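Hi everyone, thanks for having me. Let me put the structure on the screen, and then we can walk through it together.

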Amino acid sequence: MHELSLCRSIYGIVEQSAHGRGVGVIHLQVGRMRQVVPDTLKYCWDLVVQSTGLEGSVLEVESMPAVVSCRACGTETHLEDVLMVLCGQCGSTDVAVVGGEQFLLTSIDLVSA
Ligand SMILES: [Zn+2]
């Protein structure tokens with residue numbers, strides 16, 4: 001599962017940053033182009049951190065809009081459906097993705113033990 005391997009990567013980063021300190025909330029920004037389901041991501045996180053020092057920590061996933069820029073007419077379109085990558089103005093498929101591909105760990109809230 002895609003989300004599970006993402007959680008393993010996040011785990012590695014968070015564990016290193018936390019240095020044994022308690023972790024409360026991990027804030028992520030996930031672009032919609034990533035096709036990651038936030039609820040699945042949170043579910044996988046619980047599995048990954050089970051019986052580790054990070055057990056009980058929570059993922060907060062902020063879903064970032066997918067945006068494409070049209071090479072034909074220059075319009076930027078916020079995509080509702082990432083399976084239909086088209087310009088909202090002229091319908092061209094000659095578009096560049098300019099937003100929604102990020103997968104960022106923006107901050108970690110530490111808790112005192
Ligand atoms: Zn266009």
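Predicted model: local features only at pLDDT ≥ 70, side-chain atom pairs only at ≥ 80, totals over all residues.

Three strands make up an open sheet, and their order is β2-β1-β6, with mixed pairing. β2 and β6, which covers 103-111, are the edge strands, each pairing on one side only. On average, neighbouring strands here are turned by 15° against each other, if we ignore direction. Now look at β1 and β6: they pair in the antiparallel sense, over eight bridges. For one example, find Leu28, whose bridge partner in β6 is Leu105.

Next, the helices. α1 lies across β1, β2 and β6, and runs at about 45° to β6. α2 also lies across β1, β2 and β6, running at about 160° to β2.

Now for the core. Which residues touch the most other members of the largest nonpolar core? They are Ile26, Leu28, Leu41 and Trp45, out of 19 residues in that core. Two or more residues come from each of α1 (2-18), β1 (22-31), α2 (38-49) and β2 (58-64). α1 gives the most, with six residues. As a general point, nonpolar side chains in soluble globular proteins tend to be buried together.

Let's zoom in on Ile26. Beyond its neighbours within four places in sequence, Ile26 is in contact with several residues, including Ile10, Val14, Trp45, Val58, Leu59, Leu105 and Ile108.

And there is a second, separate core of seven residues, with Ala66, Val68, Cys70 and Val82 among them.

Note on methods
Residues numbered from 1 in each chain as written. Heavy atoms only, no water. Core = buried A, V, L, I, M, F, W, Y, C linked by side-chain atoms within 4.5 Å. Buried < 20%, exposed > 50% of the residue type's maximum accessible area, 1.4 Å probe, protein only. Helix = DSSP H or I, 4+ residues; strand = E, 2+ residues; numbered from the N terminus. Contact = heavy atoms within 4.5 Å. Pairing = 2+ DSSP bridges. Axes fitted to C-alpha atoms, helices over the stretch in contact; angles between N-to-C directions.
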